[in-house]
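Colleague: I would like a close look at one residue and its surroundings. Please start with the residue itself and then widen the view.

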Amino acid sequence: MKKWLLVPLVALMAVALYPLSDLYPDTTGFPDDLNFGEVNQGSSKTISFTLKAPSDTTYYCEIYNIKSPEFALLSPFSWVGSKYVLEIERGKEAQITASFSAPLDLALGEYQSSCTGWFCYGGPGYSVYMRYYKTIHIKATIVKALDISVDRTSLSLGDVNVGETGSGSFTISNAGGGDLEVSGISSDNPAFTVSPETVSLGGGQSQKVTVTFTPAAGGAHNGTITILSNDPDESSVFVSVRGNGVLKPGMNLSTTSLGIGLVNVGKSGGGSFFIFNNGNAALDISGITSSNNAFQCNPSSASVPPGGSQQVTVVFRPTSEGAQSGTITVTSNDGTRSVGVTGTGIQPPPPPPPPPPPP
């Protein structure tokens, strides 16, 4: 027999003895349907699956005739010409990721497309054992794009005393479909803080964000709140914030009551208390007055710097016997404070008798 007839005859005998469908049934592992489920306009979604080569043969596939520009196969597939190509060595496997990217103008509703798969099992020396062709269906449900909405672009927190806090708020809403993931809400000025800093909102849901203003110094403060999200066309949204730190005095008295005790009628006795300024602006004392003329105060006015103090002396001059009381009122640019004062006038003891005359 001539040699050029031998090879086809051997091949035919092999097919007769070992039908290819028995040797390698359709175990390509590539899904017939790639269903991405709900995909928002302007966003992407991926699905994964595993392909494995048999222990004794190489697995090779080509995906072509792709009718969906939104569809892609990621690494380890390679894009060659107009098709995706993958080769898996015998006995190994590959994790496959397929991607679907929906543009903002893609029509809402059910999406269907397809591509063609060509699959080949190769044996030793890459001689072909089996080939398969099949149509792969690409499916998705296109839903409304994510759409972040903020109810204001600026927020004024007004006047707040230095060292104290004031607050205001704005609202973030998801006016679209799907889940809006707000990954960060932050301020570029530490005088303004926000809560919460992240949030997840389904379609139609909203979240109030509280901005707290804590000025450490007087004067105008300005900042910008940055909101980061997965909105496809507004990934960053900004809210400007402002507030005014107000310097304020803080008046405190060392006591609320002062007892001067016993004082001879016609004489004077005294006591004192202190006025402290625990604020961060000058304390202007416009008056220190007594409700009882028997008690006189000195000084009658003063200016106390931040962190400073002023001593006030109260002099009691009784004109008659008996207990007396009154109220010392301190009036300032931080309101009024008072000190209750008491004292008792007594008659002086009689002078000692003169010494007896000498004998």
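Where does Asn 35 lie?

Modeller: Happy to walk you through it. This is a predicted model, in which local features need pLDDT of at least 70 and side-chain atom pairs count only at pLDDT 80 or more, while totals for chains, interfaces and linings use all residues. Residues are numbered from 1 along each chain as its sequence is written, and side-chain values use heavy atoms, leaving out hydrogens and water.

Your residue, Asn 35, lies in strand 1; helices (H or I, at least four residues) and strands (E, at least two) are DSSP runs, numbered from the N terminus. Its relative accessible area is 46%, so Asn 35 is partly exposed, that is, between buried (under 20%) and exposed (over 50%), using a 1.4 Å probe and protein chains only. The side chain of Asn 35 reaches the backbone nitrogen of Gly 37 at 2.9 Å. That is a polar contact (N or O atoms within 3.5 Å; within protein, one able to donate a hydrogen and the other to accept it, with residues adjacent in sequence counting only if both atoms are side-chain atoms). Setting aside neighbours within four places in sequence, Asn 35 is in contact (heavy atoms within 4.5 Å) with Ile 47, Lys 139 and Ala 140. As for Tyr 111, 76 residues away along the chain, its C-alpha atom is separated from that of Asn 35 by 9.7 Å.

The structure holds 15 aromatic pairs, meaning rings of Phe, Tyr and Trp (its six-membered ring) with centres within 6.5 Å; planes under 30 degrees apart are stacked, over 60 edge-to-face and the rest tilted. Phe 30 and Phe 77 form an edge-to-face pair because their ring centres are 6.5 Å apart and their planes at 85°. This pair links distant parts of the chain, 47 residues apart, with Phe 30 in the loop between helix 2 (20–23) and strand 1 (33–40). Both Phe 30 and Phe 77 are buried. Phe 100 and Tyr 111 are likewise edge-to-face, since their ring centres are 5.0 Å apart and their planes at 75°. Phe 100 is in strand 7 (residues 93–101) and Tyr 111 in strand 8 (residues 109–122), so this pair ties together parts that are eleven residues apart in sequence. Phe 100 and Tyr 111 are both buried.

Finally, the whole chain: it has two helices and 27 strands, and 39% of its 359 residues count as buried.
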